[in-house]
Amino acid sequence: MTTRFHPFVEAALRLFHEHANPELAGPMRKYMKDHFPFLGIKAPLRKELSKRLLKEQGIPDDWETVVRQLWTMPEREFQYAAMDLLEKVKKRLEAGHLRLVEELITTKSWWDTVDYLAAHTVGTLFRLFPALIALTNERWIASGNLWLQRTTILFQLSYKEKTDQELLFTNIRIYKDSQEFFIQKAIGWSLREYAKTDADAVLRFVEKTPLASLSRREALKHF
């Protein structure tokens, strides 16, 4: 029995497969540690194809269905296409979309999708519905899921002066002894980014807090 997909997804399948490049697919897969197959479509072309899809198909009212179906596709470019669509609908996000976002973070998880979802999708959702932060932060920390935990560190990346400094520093203290590379890297990245807004606060925090050498090095990279 043939699976029927949303018309937007059918169009994406046709268009992306038309532009597949097997010579590039291998190196792209290798770069992602062989976690996912690729069609071999580099980011600039993929973004152009996504723009073409959106122009031809429009933003579907049932965009959540489209995102979920694109996420099920084996080739990584379709998860990127789902994120391109999410970028277009981020102002339509509602509190109830937290379940969808959590599903995406914990499915086919790797830094390339999780970092976008954390900084852009979760960041936007929590900015629109700040009450969700208190309801979600502790649950994600306690989840034991690396990618949800990384998200609690990164979702404020673009908040600048609106960053909840106490929450950021508290979360980092919770993870400061983690041996996980992706947690240590996230700590350094979040501190380095926040230093652009409040360098003195970051310096004081780093001086007082015993961080992993990777986190400390990343945090102070631009000092």
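Trp111 counts as partly exposed because its relative accessibility is 29%, where partly exposed lies between buried (under 20% relative accessible area) and exposed (over 50%), with a 1.4 Å probe and protein chains only. The model is predicted, so local features need pLDDT of at least 70 and side-chain atom pairs count only at pLDDT 80 or more, while totals for chains, interfaces and linings use all residues. Residues are numbered from 1 along each chain as its sequence is written, and side-chain values use heavy atoms, with hydrogens and water left out.

Trp111 belongs to helix H7 (residues 111-128); helices are DSSP runs of H or I, at least four residues long, numbered from the N terminus. Ser213 is 102 residues from Trp111 along the chain, and their C-alpha atoms are 20 Å apart.

Arg76, in helix H5 (residues 76-89), counts as buried because its relative accessibility is 0%. Its side chain forms a polar contact with that of Thr113 at 3.1 Å; such a contact is a pair of N or O atoms within 3.5 Å, and within protein one must be able to donate a hydrogen and the other to accept it, with residues adjacent in sequence counting only if both atoms are side-chain atoms. With neighbours within four places in sequence set aside, the contacts of Arg76 include Phe36, Pro37, Phe38 and Lys108.

The largest nonpolar core has 76 residues, and Phe16, Ile105, Phe126 and Leu191 have the most contacts inside it. A nonpolar core is a set of buried Ala, Val, Leu, Ile, Met, Phe, Trp, Tyr and Cys residues joined through side-chain atoms within 4.5 Å. Not counting residues up to four places away in sequence, Leu191 touches residues including Phe169, Ile172 and Val202.

Note on methods: Contact means heavy atoms within 4.5 Å. Helices (H or I, at least four residues) and strands (E, at least two) are DSSP runs, numbered from the N terminus.
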